[in-house]
Amino acid sequence: MRLNDVKPQKGSKKRRKRVGRGISAGQGASAGLGMRGQKSRSGSGTRPGFEGGQQPLYRRLPKLKGFPIINRKIYTTINVEKLATLPANTEVTLISLKAAGILTAVKGPLKVLGNGELGVPLKVQAAAFTGQARSKIEAAGGSCEVVKS
């Protein structure tokens with residue numbers, strides 16, 4: 001076998017179909033594009049997303065950043081600095097804070113946040129603690145207990 005003997009396999013090379021070249025060619029007149037209409041005309045068709053003049057889907061939908069969290073847990077939050085006003089060794093719960101007047105509205109289970117300083121030991125019972133809040137309560141000699149909400 002030599003380089004001049006190499007040729008494509010029989011039937012692998014086909015001529016392109018020349019459309020719109022007269023009735024005898026087989027694809028004359030409408031060139032296989034049907035009769036009239038936007039898709040039968042020369043040039044490209046419509047751009048992606050075009051809906052014939054109707055407001056396209058990508059323009060009908062609102063442009064929102066991110067996605068909402070489904071079944072989001074809403075907590076009643078309180079900072080450590082608010083707990084500093086309580087007397088030492090007090091048992092802190094959602095109910096006791098409401099009774100003391102520190103909390104005014106209860107939106108859900110209690111979550112303790114770590115803003116501020118704490119100097120008195122407290123027994124805090126809450127549904128959640130931030131890392132900073134837990135370390136500040138324990139550093140003051142108190143205890144943190146996670147209760148089911």
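This text walks through the predicted model from its overall form to single residues.

The model is predicted, so local features need pLDDT of at least 70 and side-chain atom pairs count only at pLDDT 80 or more, while totals for chains, interfaces and linings use all residues. Residues are numbered from 1 along each chain as its sequence is written, and side-chain values use heavy atoms, with hydrogens and water left out.

Start with the whole chain. The protein chain holds four helices and six strands. Helices (H or I, at least four residues) and strands (E, at least two) are DSSP runs, numbered from the N terminus. Along the sequence they follow the pattern α-β-α-β-α-β-β-β-α-β.

Next come the dimensions. The radius of gyration of the protein chain is 38 Å, whereas a compact globule of 149 residues would have one near 15 Å. That radius is taken over C-alpha atoms, and the globule rule is 2.2 Å times the number of residues to the power 0.38. Taken along the principal axes, the C-alpha atoms fill a box of roughly 105 × 55 × 25 Å.

The accessible surface of the protein chain is about 12,000 Å². Carbon and sulfur atoms hold 53% of that surface. Accessible areas come from the Shrake-Rupley method with a 1.4 Å probe; for residues, only the protein chains shown count as cover. Of the 149 residues, 21% are buried. Buried means under 20% relative accessible area, exposed means over 50%, and partly exposed lies in between (1.4 Å probe, protein chains only).

Contacts can be sorted by separation in sequence. Among contacts in the protein chain with a separation of 6 or more, 42% join residues 24 or more positions apart. A contact means heavy atoms within 4.5 Å.

Now take the segment before helix 1. Helix 1 spans 57-60, and Val6 lies in the segment before it. Val6 counts as exposed because its relative accessible area is 52%. Together, Met1, Leu3 and Val6 make a nonpolar surface patch of about 450 Å². Such patches are made of residues with over 30% relative accessible area and no salt bridge; like charges are joined within 9 Å, and nonpolar side chains (Val, Leu, Ile, Met, Phe, Trp, Tyr) within 5 Å.

Arg36 also sits in the segment before helix 1. Its phi is positive, about 50°, although Arg36 is not a glycine. Arg36 is exposed, at 63% relative accessibility. Asn89 belongs to the loop between helix 2 and strand 2 (90-92). Asn89 has a phi near 55°, again positive in a residue other than glycine. At 51% relative accessibility, Asn89 is exposed.

Turn to helix 4. Its buried residues are Ala133, Lys136 and Ile137. They cover an arc of only 100° around the axis, so they lie on the same side of helix 4. The arc is that of the directions from the helix axis to the C-beta atoms. An α-helix has 3.6 residues a turn, so residues three or four places apart point the same way. On the other side of helix 4, Gly131 and Ala139 are exposed.

What do the buried residues of helix 4 pack against? Their partners are helix 2 (80-83), strand 3 (110-113), strand 4 (122-126), strand 5 (128-129) and strand 6 (143-146). After helix 4 comes Gly141, with a positive phi near 95°.

Why does Lys136 count as buried? The reason is its relative accessibility of 19%. Beyond its neighbours within four places in sequence, Lys136 contacts Gly114, Asn115, Gly116, Glu117 and Leu118.

One of these contacts brings in charge. Side chains of opposite charge can pair when their charged atoms come close. The structure holds two salt bridges. Each requires a side-chain nitrogen of Lys or Arg within 4 Å of a carboxyl oxygen of Asp or Glu.

Lys136 forms a salt bridge with Glu117, with the closest N and O atoms 3.9 Å apart. This pair links distant parts of the chain: Lys136 is in helix 4, and Glu117 is in the loop between strand 3 and strand 4, 19 residues apart. Lys136 is buried, whereas Glu117 is exposed, at 62% relative accessibility.

Glu51 and Arg60 also meet in a salt bridge through their side chains (3.5 Å, N to O). Glu51 is partly exposed, at 31% relative accessibility. Arg60 is partly exposed as well, with a relative accessible area of 42%.
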